[in-house]
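Hello,

Here is the structure I promised to pass on. Please open it first, then read my notes below.

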Amino acid sequence: MRKTLVAVSVGACVVAIGGPVWLGRTPDAPVGAAADPRPIHVTEVPQTAPPAAATTRPPFDRGARSTTDPTSIWVVVNKTHPITPSDFRPELDIVRGYQVAPPAARPLGRLLDASDRRGLGLKIASAFRSYGYQQGVHAATAAARGEAEADLRSARAGYSEHQTGLAVDLITPDDPGCDFEACFARTPAGRWLARNAWRWGFVVRYQPDTTAITGYQPEPWHLRYVGRPLARELRVTDVRTLEEFFGVAGGDYPS
Ligand SMILES: [Zn+2]
């Protein structure tokens, strides 16, 4: 966990031992994203005004929610932590024709609305996937690319975040050749997501250079809902994986 006495380029925050100190600027206004004035306070964040003067933020409570309960928005699902029970099926709401778990539904709709307002037109390509469906996805990937590649590109049934209903894959109509490809990260939509998804409580779950930690290659199109407080905390502390933040093991399947 990085925690050093350095200034970071998020808002006017100085990260210090004991927690970040805010110097009169809300963390909701990252440098370079000032042209995005609308999506503030969209989920669980209280509608209180940010402190006007320098103040110390209380430490983030990492034990506030379960990381093992599949109904928890902080659940960590990876190749060493399958969903329990394996046939878990969440309650499901519908967003633009796709099934997602209720906590993620409204934030996802608002993220897509914001994308539309900016002319990005992000679309959902995949959301909730049942145990049985994931079996089919993994088998198809294995048939096309081999087992080893399939394990890097798709989860085995019972190990996919998509089964929680909290994960979505997004595509952009501007660059269809980059659907589910690394180049999605370089599209305007991909860049916008990387900078702004946290505002609605989503994180880009599989980022570059984290394969050994998450078990997956970078997937700039795969968003995971964790709620805005955690998404913001990950951004402020520059922690890129849930595994590192919660101290949960990840990486490859146990052999
Ligand atoms: Zn995905």
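Predicted model: local features only at pLDDT ≥ 70, side-chain atom pairs only at ≥ 80, totals over all residues.

The largest pocket has a volume of about 560 Å³. It is lined by 28 residues, and Ala194, Val204, Gln207, Arg235 and Arg240 are the closest to its centre. Helix H4 (188–196), strand S9 (202–206), strand S10 (219–225) and helix H6 (228–237) each give two or more residues to the lining. The largest share, 5 residues, comes from S9. By type, the lining has 20 nonpolar, 3 polar and 5 charged residues.

Now the salt bridges. The whole structure holds 7.

Asp113 pairs with Arg96, with the closest N and O atoms 2.8 Å apart. Asp113 sits in helix H1 (residues 102–117), while Arg96 is in the loop between strands S5 (93–95) and S6 (98–100). They are 17 residues apart in the chain. Asp113 is partly exposed at 35% relative accessibility. Arg96 is partly exposed too, at 43%.

Arg156 and Asp151 also form a salt bridge, at 2.8 Å from N to O. Arg156 is partly exposed at 33%. Asp151 has 12% relative accessibility, so it counts as buried.

Arg224 is in strand S10, and Glu161 is in the loop between helix H3 (147–153) and strand S8 (167–171), 63 residues apart. Arg224 is buried at 0%. Glu161 is buried at 2%. Shared partners join Glu161, Arg205, Arg224 and Glu243 into one salt-bridge network.

Best wishes

Methods:
Residues numbered from 1 in each chain as written. Heavy atoms only, no water. 1 Å grid on protein atoms, 1.4 Å probe; cavity = no way out; pocket = protein on both sides within 12 Å on 5 of 7 lines; lining within 4 Å. Points joined across faces, edges and corners; volume = space filled by probe spheres on them. Helix = DSSP H or I, 4+ residues; strand = E, 2+ residues; numbered from the N terminus. Nonpolar A, V, L, I, M, F, W, Y, C, P; charged D, E, K, R; others polar. Salt bridge = Lys/Arg side-chain N within 4 Å of Asp/Glu carboxyl O. Buried < 20%, exposed > 50% of the residue type's maximum accessible area, 1.4 Å probe, protein only.
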